[in-house]
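Here is a short tour of a structure for anyone who likes to see how it is put together.

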There are 2 protein chains.
Amino acid sequence: MALPIKGNIYFTGFMATGKSRIGSLTAAALGWKYFDIDQAIERENGRTVSEIFAEEGEAYFRNLELESLRKISRESQVAVSLGGGTLTNPEALEIVKSTGVLVALWASPEVILARVNRKKNKRPLLANLDETEKKAKIVSLLEERKPIYEQADFRFESTEQFPHHVLTRRLIHTLQVAQLRPLTVALGERSYPIYIEESLGGYVDTILEKTGCHGSPLLITDQNLREKQKPLLDQIRSSLRGCKVFYFRPGEEEKNLKSLNRLFTYLLRYNYGRKTTLISFSGGVVGDMVGFAAATYMRGVDFVQIPTTLLSMVDSSVGGKTGINHPLGKNMIGAFYQPRAVIINLVALKTLPQQEFLAGLAEVVKYAVIRDEEFFTYLESHQEALLGRDTAVMQYVVRKCCAIKAEVVGQDEREAGERAILNYGHTFAHALELLAGYRLSHGLAVALGMRCAARLATSMGMLTPSDEERHNSLLTALNMPETFPFKLDATKAWEAMGRDKKADQGKRVFILPERIGSVCITSEVSKELAFAALDCIDKETRKPVPGAERL
Amino acid sequence: MALPIKGNIYFTGFMATGKSRIGSLTAAALGWKYFDIDQAIERENGRTVSEIFAEEGEAYFRNLELESLRKISRESQVAVSLGGGTLTNPEALEIVKSTGVLVALWASPEVILARVNRKKNKRPLLANLDETEKKAKIVSLLEERKPIYEQADFRFESTEQFPHHVLTRRLIHTLQVAQLRPLTVALGERSYPIYIEESLGGYVDTILEKTGCHGSPLLITDQNLREKQKPLLDQIRSSLRGCKVFYFRPGEEEKNLKSLNRLFTYLLRYNYGRKTTLISFSGGVVGDMVGFAAATYMRGVDFVQIPTTLLSMVDSSVGGKTGINHPLGKNMIGAFYQPRAVIINLVALKTLPQQEFLAGLAEVVKYAVIRDEEFFTYLESHQEALLGRDTAVMQYVVRKCCAIKAEVVGQDEREAGERAILNYGHTFAHALELLAGYRLSHGLAVALGMRCAARLATSMGMLTPSDEERHNSLLTALNMPETFPFKLDATKAWEAMGRDKKADQGKRVFILPERIGSVCITSEVSKELAFAALDCIDKETRKPVPGAERL
């Protein structure tokens, strides 16, 4: 799945920086046409560039160049090698900038001189000079053209370290990734991009480089994903040139200090230093652990999230909450630690088990309820495509959810206030999870918790019964559960809410909808109304058609 | 050990906010004179304030007030209750501000009205008004005088919640702490003060409040300190009104995940929430663990350091490095997490075992070598007082070291560059600690490491032999070891250096002195010279008088 590149690609750079070679290889790799301005002029004029220079002077030649460039620029999907001095003409720069991207190849004066000397055909600008004069001329010309090269969209080193086809692949990936429009989570110096595409497995190295993660990468996943997401995992590994993989045992019960310490031991045994990038390829459980490991290994190393479940795409991979469980409470030990990048591959959703997909959809509905009625309407009208996991629809939905979360998190990184609205449905959900002995997935608990919260809001006169109906109908249409499949002990649930991490000195915090698209935060909820709200999902007490009049 | 208060204390505030009561209690508690301006005027004029108001008018009264104030202000150690309206006169404010601190007592209009009604003597400003009118008059007068009260140095609520003597003690502590001049570690929104005094045990509550730590405090120490620092510990506990204490088992070998988890379990079992302040009362081992627990409990709670060893006062309590050991390396798991405050009680040094004291002195010398020749000279000329742990000298020394560290950390919080100079002597020291199986204290290992680093610098022509001699002489004068008391295998030491956390991809990082007061960071050190440098502390190879000519 190659990413598109819009516009032509123009190569500039000093002589002997590989413009022709890399230009033609780029065209070949993309299936584009290739065009070398110098060669075209030589062909059309029946003389070499050196000859035209000698016989007609530079000004004449620059005019020929400009004409040639103007013609090519009208075509599309062309890779063009410009002459070493083409862009000294401002008109040429204007044409290039308006019809594609400009790549400046560069190399050190020493490398350039060595390459020039290796070639047979003479360079007109260096004709009749000895070695010392040549070097001095190169240095002075480089300095003179620096302002032009600095106008390029990309600077790319034409190093001797890699063969040309490798350089070309890296360059193409850089151009492709540069054309993506990731979301940004705006957190000052801790800001980071969220890429959301069908598949970016082959581009992980490029994204790491772009986001400044230059350390040794270690890919971390769980043993289930080794098989379940094999194609994507293989692509990522190959993009990272065979990077090692660490496997956690799967399951929430493994999200503990012991598992974390296994990872630390691995990192130390294999000499991963401070310049390490931990890449989580996983759902939320492993992602939370890897984030916490990154936050605390040698006091902090780089961290990248590649979420594989819908829930982790829209929720846990954004916002920097990392952590592990303690026998006395979930996520009790952790840190706020932002990833350097989040890379979402929608292709991973295709093979996601249905229950896990639904768990993620519950959070999707949550975002619509707390912040965006228009998005709620979109979900109502795309139920089928949602359940069919249509890629285009999922791309829109995931982006929307991440944007809402990014906005909320950007305003309140450490959950001092507003960020609490992301916990809509969660006060009930956490209690339900506890009552179920954690045999109920978090996402589905949230779906049930949202029903309770909506009921509570209705009973307090905040939400209209018809909005509650609309809220619940969407959940039902998206195959969310309607009843709690275990014994529902309201007293125990109420006590659990009081012990919740978000509870403030025993005060339970509820996020309640005022209408679809807006919620408020309150602690002023009576036990009686909370009990009644729980009734709406109690399989033993629940009447077939719930309505506000029951309260 | 009460802290001094400079200048007089002037109390302002609306009627019935307790100016006379709290003013006289304050004077009594401090052993000062007390003066009530209204009473003084009544005494001198033989009429009540109401009578003067009624018979002569307000302007006349304000003049009497000003004269009285001018007289009192010439005395020292006086607590003065101003009249409710004294400061409406700008001249009065000028006198107050130039001769002491101004405390504004305040209370709500309701509390004021209730108090006024309880009193027998009438308030002239409220004479002949009914209840509604009184309340309205209070509100409007409060509003009118607000700008005056806002000029006070302190606003203090005269609440009904505490008896007056408790309010008074809290007020005095607030004034005393406000007059201290803590160092500041400047890290933007993470800046924090370092208090360095003989004893602040009784003021911990006040410092917590001043630095915004409003959560439930938990004091954490180790079982040794329970006895060894009992008086100070008791004082702190009593200042925190019987706050609970958690005890770690003592020793570096307890600085691990397991101990940390014991603390987490305790916190969860006793329902410590997000608004918790963890207070470390300890040396570096417990301090590092508590800091890391604070960084990670519920994703971060408040943290205060009360260091009890010289080493932790000058080193580990400043700079935000927290963490625990892993069997494969020291401090491998941790976080950068700044305390809200550091409270240094020099009295704790008095009972510190000699070996621990010397370990701290080694770091003291380090600061002088890396940054401040003048300080080095100070240490040379105060050897006896240092070894005698003279409080005034220790206060200067600890403050100087903290200031140097604060400056370095302020420029490079996360050790990206310059902060590495704090590791002077540590490249060798970490290797020596490993070779000794950690039976050598960190501080003494640093002393030996500094000798090696100085020798290395001399052998590389960076340091003069006479500066090396001066460097080593001070260490010797301060009773630092001259030889490594275990087998010194240079090859193993060299390998250990390559595995150090600070090593960059196997490159050993050395901090080497260029002269006393200045160091540089380099990786360009040959194995041969490092081996030779180790020789200078090898008890088997070492000649009695080391000199540069040996190399």
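There are two cavities of 30 Å³ or more, where a cavity is a set of points on a 1 Å grid over the protein atoms alone at which a 1.4 Å probe fits but cannot get out. Each volume is the space filled by probe spheres set on the points, with grid points joined across faces, edges and corners. This is a predicted model, in which local features need pLDDT of at least 70, side-chain atom pairs count only at pLDDT 80 or more, and totals for chains, interfaces and linings use all residues. Residues are numbered from 1 along each chain as its sequence is written, chains are lettered from A in the order in which they are written, and side-chain values use heavy atoms, leaving out hydrogens and water.

The table sets out both cavities; lining residues have an atom within 4 Å of a point.

| Largest | about 40 Å³ | 10 nonpolar, two polar, no charged |

Two or more lining residues come from each of α12 (257-269) and α13 (284-296) in chain A and from α12 (257-269) and α13 (284-296) in chain B. Helices here are DSSP runs of H or I with at least four residues, and strands are runs of E with at least two, numbered from the N terminus.

How are the two chains related? A rotation of 180° with 0.1 Å of shift along its axis superposes chain B on chain A, with an RMSD of 0.1 Å. The copies are thus related as by a two-fold rotation axis. B:Leu257 has the C-alpha nearest the axis in chain B, 4.0 Å from it. The superposition is by least squares on C-alpha atoms of residues with pLDDT of at least 70 in both copies.

The second largest cavity is lined by residues including B:His426, B:Thr427 and B:Phe428, and α19 and β15 (510-515) of chain B each supply at least two of its lining residues. Helix α19 (residues 426-435) of chain B also comes within 9 Å of helix α22 (residues 490-499) of chain B, axis to axis, crossing at roughly 120°. B:Thr427 and B:Phe428 of α19(B) are among the residues that make this contact, as are B:Ala493 and B:Met497 of α22(B), contact meaning heavy atoms within 4.5 Å. Axes are lines fitted to C-alpha atoms, for helices over the stretch in contact, and angles run from 0 to 180 degrees between N-to-C directions.

How values were computed:
On a 1 Å grid over the protein atoms alone, a cavity is a set of points where a 1.4 Å probe fits but cannot get out, and a pocket is an open set with protein on both sides within 12 Å along at least five of seven lines; lining residues have an atom within 4 Å of a point. Ala, Val, Leu, Ile, Met, Phe, Trp, Tyr, Cys and Pro count as nonpolar, Asp, Glu, Lys and Arg as charged, and the others, Gly among them, as polar.
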